[in-house]
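Subject: A structure for you to look at

Hi there,

Here is the structure I promised to pass on. Please open it alongside this email, and then read on for what turned up.

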Amino acid sequence: QVQLVESGGGLVQAGGSLRLSCAASGRTFSNYAMGWYRQAPGKQRELVARITNGGTTNYADSVKGRFTISRDNAKNTVYLQMNSLKPEDTAVYYCNVGTVFSNYWGQGTQVTVSS
């Protein structure tokens with residue numbers, strides 16, 4: 001019943017920008033932290049950014065100053081604004097929310113940054 005639907009991925013040149021969106025349905029997640037993860041082939045999935053229910057954020061060192069996570073609780077949606085993209089940002093990006101009982105994941109959206 002719970003779904004996280006992502007959009008906004010694509011192909012961009014280095015230095016460009018993308019805005020990822022993840023719209024949740026099935027329940028309201030305003031009381032929980034939400035985050036974005038990414039995974040490249042052959043590599044571990046890593047946390048990119050996280051935002052708590054109170055709006056505090058944290059970022060991987062590799063994206064600090066370039067990425068911004070935000071949320072709109074009225075829309076039950078979390079965003080990731082990605083600026084100054086680098087080829088090393090190329091990965092499948094997943095949104096995530098964890099409750100007391102379950103962790104939910106989006107389907108993943110491909111972000112490819114060309115040189």
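A term to start with: two residues are in contact when they have heavy atoms within 4.5 Å. Please keep in mind that this is a predicted model, in which local features need pLDDT of at least 70, side-chain atom pairs count only at pLDDT 80 or more, and totals for chains, interfaces and linings use all residues. Residues are numbered from 1 along each chain as its sequence is written, and side-chain values use heavy atoms, with hydrogens and water left out.

Helices (H or I, at least four residues) and strands (E, at least two) are DSSP runs, numbered from the N terminus. Two strands pair if DSSP finds at least two bridges between them.

**The four-stranded sheet**

Let's begin with an open sheet of 4 strands, which follow the order E1-E3-E8-E7 with antiparallel pairing. Strand E1 (3-7) and strand E7 (67-72) are at the edges; each has a single partner strand, so one side of each is left without a neighbour in the sheet. On average, neighbouring strands of this sheet are turned by 15° against each other, direction ignored (axes are lines fitted to C-alpha atoms, for helices over the stretch in contact, and angles run from 0 to 180 degrees between N-to-C directions).

You can walk across the sheet pair by pair. E1 and E3 run antiparallel and are joined by 5 bridges, with Val5 having Ala23 in E3 as its bridge partner. Next, E3 pairs with E8 over 6 bridges, again in the antiparallel sense; here Leu18 has Met82 in E8 as its bridge partner. Finally, 6 bridges join E7 to strand E8 (residues 77-82), and these two run antiparallel. Asp72 is the residue opposite Thr77 in E8.

Is Ser21 buried or exposed? Ser21 counts as buried because its relative accessibility is 18%, where buried means under 20% relative accessible area, exposed over 50%, and partly exposed in between (1.4 Å probe, protein chains only). Apart from neighbours within four places in sequence, Ser21 has contacts with Val5, Glu6, Ser7, Trp36, Val78 and Tyr79.

**Loops worth a look**

Most residues other than glycine have a negative phi. Asn76 is not a glycine, yet it has a positive phi of about 55°. You will find Asn76 in the loop between E7 and E8, and at 12% relative accessibility it counts as buried. Ser84 is another non-glycine residue with a positive phi, near 50°. Ser84 sits in the loop between E8 and strand E9 (91-98) and, at 42% relative accessibility, counts as partly exposed.

Thr99 is in the loop between E9 and strand E10 (103-105). With a relative accessible area of 14%, Thr99 is buried. Which residues does Thr99 contact, leaving aside its neighbours within four places in sequence? They are Arg27, Phe29, Tyr32 and Tyr104.

**Two hairpins**

E4 and E5 pair over 5 bridges in the antiparallel sense, and Trp36 stands opposite Ala49 in E5. Their hairpin has 6 residues between the strands, and Gly42 there takes a positive phi near 80°. Ala49 also has a bridge partner in E6, namely Tyr59. E5 and strand E6 (residues 57-59) run antiparallel, joined by 3 bridges. These two form a hairpin with 5 residues between them, and in the turn Gly55 has a positive phi of about 95°.

Gln44 is in the loop between strand E4 (34-39) and strand E5 (46-51). Gln44 counts as exposed, at 72% relative accessibility. Beyond its neighbours within four places in sequence, it is in contact with Arg38 and Gln39.

Enjoy exploring!

Best wishes
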